[in-house]
Amino acid sequence: MRVPRGTQYLCAHMQVIEIIKDALTAGKTRFTFELLPPLKGDGVAGVFEAIDPLMEFGPAYINVTYHREDVKYVERPGGLLEKRVVRRRPGTVGISAAIMKRYGVEVVPHLICGGLSRYDIEDALIDMDFLGISNVLALRGDNRRGERTFTPQPDGHTYAEELVRQIVDMNNGVFVDGEVEECHHSQFCIGVAGYPEKHAESPNPDADIRALKAKVDAGASYISTQMSFDNRRIFDFIDRCRAAGIDVPIIPGIKPFSTKSQLSLLPQTFHVDLPQDLVAEVEKCRDNRAVRQVGVEWAIQQARELRAAGVPVIHFYTMGKTDNVYNIAKEIF
């Protein structure tokens, strides 16, 4: 759905599940993309510059990531080291509201278990609700840097399933400290993550699907997948979900390949396999400019096949850079 440049955007405040259903009814695949909040100290200009070109193609919604706290050590007089907790990319809720106000497009802020208590989560959800944000992606989140295993915050959640239940409770007027009489009920549409190539911590694919079903049974309305470069993995994942009784919409995730270093970085960081054909094409490239072109062509091929299969929405991982997604959208949407 192309939108002419200069169009005034109007927001109908739809839940993502309704957007997905409308796409299925229309038989037309739409796209979404994911952005990072600005680094602490930066303004919103860079985020808007990333979004502006893509509005021409009418994105269904925009995801905004949430980042864990980090630890740094500051040397004090006398040589002692002071441990400090810092957030390098705060502002997920604020930048989400700013995007909605500027573009009138639905925004899906991420919310994680890591580093947050149930009270912190409740406060964030209340802020979202006040700002007219009615969609959220519920994630456990990564381990804090340097931790071998995930450690929940005191009075926090260990699993995304628990986070989903808290959001559902709030929709039902039940808060951390109990039910509030005559309260306003939020209406959050909840998405969760799925892993076509298995979550790194799951002992096997069947256990991974059971954990995903638990999140859906807890109240999730749709699944957004981790990036995959192989559509066969995505289609097999969808089939396994359906066989397990998971019947909510599944949104495939694609990341345009962009640098040679990602040959080792992506498998290490996101625990995904890279098809040999893609690896061979990237290895032939003389520089990263050529790699980006290979990445665009590969993603176009993936998107065309997914669209032909009738998926309602395709999600693009951008890492804050959207010029390659623009080139893909120009061909597909």
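Trainee: What should I know about the model before we start?
Mentor: It is a predicted model, in which local features need pLDDT of at least 70 and side-chain atom pairs count only at pLDDT 80 or more, while totals for chains, interfaces and linings use all residues. Residues are numbered from 1 along each chain as its sequence is written, and side-chain values use heavy atoms, with hydrogens and water left out.

Trainee: Which residues touch the most other members of the largest nonpolar core?
Mentor: They are I51, Y61, I99, L111, Y222 and F316, in a core of 82 residues. A nonpolar core is a set of buried Ala, Val, Leu, Ile, Met, Phe, Trp, Tyr and Cys residues joined through side-chain atoms within 4.5 Å; buried means under 20% relative accessible area (1.4 Å probe, protein chains only).

Trainee: And what does L111 touch?
Mentor: Leaving aside residues up to four places away in sequence, L111 touches L116, I121, A124, L125, M128, V136, L137, A138, L139 and L163. Contact means heavy atoms within 4.5 Å.

Trainee: Changing topic, at what angle do α4 and α5 pack?
Mentor: Helix α4 (residues 118–130) and helix α5 (residues 160–171) pack at about 50°, their axes 11 Å apart. Axes are lines fitted to C-alpha atoms over the stretch in contact, and angles run from 0 to 180 degrees between N-to-C directions. Helices are DSSP runs (H or I, at least four residues) and strands are too (E, at least two), numbered from the N terminus.

Trainee: Which residues make that contact?
Mentor: R118, I121, E122, L125 and I126 of α4 meet L163, Q166, I167 and M170 of α5.

Trainee: Which residues of α11 are buried?
Mentor: In helix α11 (residues 323–332), N324, V325, Y326, I328, A329 and I332 are buried. They pack against α10 (288–308) and β12 (313–317).

Conventions
Buried < 20%, exposed > 50% of the residue type's maximum accessible area, 1.4 Å probe, protein only.
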